[in-house]
Amino acid sequence: MNDGTIETTRYPLLEPLLAAAGLQLQGIYTIGDAAEIFGVKSRTIQEWCRDGKLPSRDLPGRGRFLSEDLETFLRNSVRKAEFPREE
């Protein structure tokens, strides 16, 4: 049943990153935007795309990612195992 309210999609992992960087949620992100969000160089984003870690899209203008793409990337990110140091 539709009560006339518009349901907005929430991005529980992406939104705190955006807030911490002083950025707002957008519909489309460029490689430069993604680099700013993740605190890395544009080249790193390009490498993630090349390696299949962050799928990119063929969007209008210079856009390559949707909010859902960045949220999925964060959701699928895995923390590297830490190994004890040998002394």
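This is a predicted model: local features need pLDDT of at least 70, side-chain atom pairs count only at pLDDT 80 or more; totals for chains, interfaces and linings use all residues.
**Stop 1**

Select Thr30. It sits in the loop between strand S1 (28-29) and helix H2 (31-38). Is Thr30 buried or exposed? Its relative accessibility is 17%, so Thr30 counts as buried; the cut-off for buried is under 20%.

Thr30 caps the N-terminal end of H2. Draw the distance from the side-chain oxygen of Thr30 to the backbone nitrogen of Gly32: it comes to 3.3 Å.

Now show what surrounds Thr30. Leaving aside residues up to four places away in sequence, Thr30 touches Arg62, Gly63, Arg64 and Phe65.

**Stop 2: Along H2**

Select H2 and color its buried residues. These are Ala34, Ala35, Ile37 and Phe38. Look down the axis. The four cover an arc of only 160° around it, which means they lie on the same side of H2.

What do the buried residues of H2 pack against? Show helix H1 (14-20), S1, H3, S2 and H4 as partners.

Step past the end of the helix to Gly39. This residue follows H2, and its phi is positive, near 70°.

**Stop 3: The nonpolar core**

Next, select Leu14, Phe38, Ile45 and Leu70. Within the largest nonpolar core, which has 15 residues, these are the ones with the most contacts. Helices H1, H2, H3 and H4 each supply at least two residues of this core. Which helix gives the most? H2 does, with 4 residues.

Keep Ile45 and hide the rest. Not counting residues up to four places away in sequence, Ile45 touches Ile31, Ala34, Ala35, Phe38, Val40, Leu54 and Phe65. Two of the buried H2 residues on that list are Ala34 and Ala35.

**Stop 4: The aromatic rings**

The model holds 3 aromatic pairs. A pair of aromatic rings is described by the distance of the centres and the angle of the planes.

Pick Phe38 and Trp48. Their rings are edge-to-face, 5.8 Å centre to centre, with 70° between the planes. The pair links distant parts of the chain: Phe38 belongs to helix H2 and Trp48 to helix H3, 10 residues apart.

Check the accessibility of both. Phe38 is buried, with a relative accessible area of 18%. Trp48 is also buried, at 18% relative accessibility.

Ring pairs link Phe38, Trp48 and Phe73 into a cluster.

**Stop 5: H4**

Phe73 leads on to H4, where the buried residues are Ser67, Asp69, Leu70, Glu71, Phe73 and Leu74. Show the neighbours. What covers these buried residues? The cover includes H1, S1, H2, H3 and S2.

Leu70 was picked at the core stop, as one of the residues with the most contacts there.

**Stop 6**

Side chains of opposite charge can pair when their charged atoms come close. Over the whole structure there are 5 salt bridges.

Select Arg57 together with Asp69. Their side chains form a salt bridge at 2.7 Å, N to O. This pair joins distant parts of the chain: Asp69 is in helix H4, Arg57 is in the loop between H3 and S2, and they are 12 residues apart.

The side chains of Arg57 and Glu68 form a salt bridge at 3.4 Å, N to O.

Taken together, Arg57, Glu68 and Asp69 form a network of salt bridges.

Compare accessibility across the network:

- Arg57 is partly exposed, with a relative accessible area of 33%.
- Glu68 is partly exposed, at 42% relative accessibility.
- Asp69 is buried, with a relative accessible area of 11%.

**Stop 7: Arg50 and Asp51**

Finish with Arg50 and Asp51. Their side chains meet in a salt bridge at 3.2 Å, N to O. Asp51 counts as partly exposed, at 44% relative accessibility.

Definitions and conventions
Residues are numbered from 1 along each chain as its sequence is written. Side-chain values use heavy atoms; hydrogens and water are left out. A salt bridge is a side-chain nitrogen of Lys or Arg within 4 Å of a carboxyl oxygen of Asp or Glu. Buried means under 20% relative accessible area, exposed over 50%, partly exposed in between (1.4 Å probe, protein chains only). Contact means heavy atoms within 4.5 Å. The arc is that of the directions from the helix axis to the C-beta atoms. A polar contact is a pair of N or O atoms within 3.5 Å; within protein, one must be able to donate a hydrogen and the other to accept it, and residues adjacent in sequence count only if both atoms are side-chain atoms. A nonpolar core is a set of buried Ala, Val, Leu, Ile, Met, Phe, Trp, Tyr and Cys residues joined through side-chain atoms within 4.5 Å. Rings of Phe, Tyr and Trp (its six-membered ring) pair if their centres lie within 6.5 Å; planes under 30 degrees apart count as stacked, over 60 as edge-to-face and the rest as tilted.
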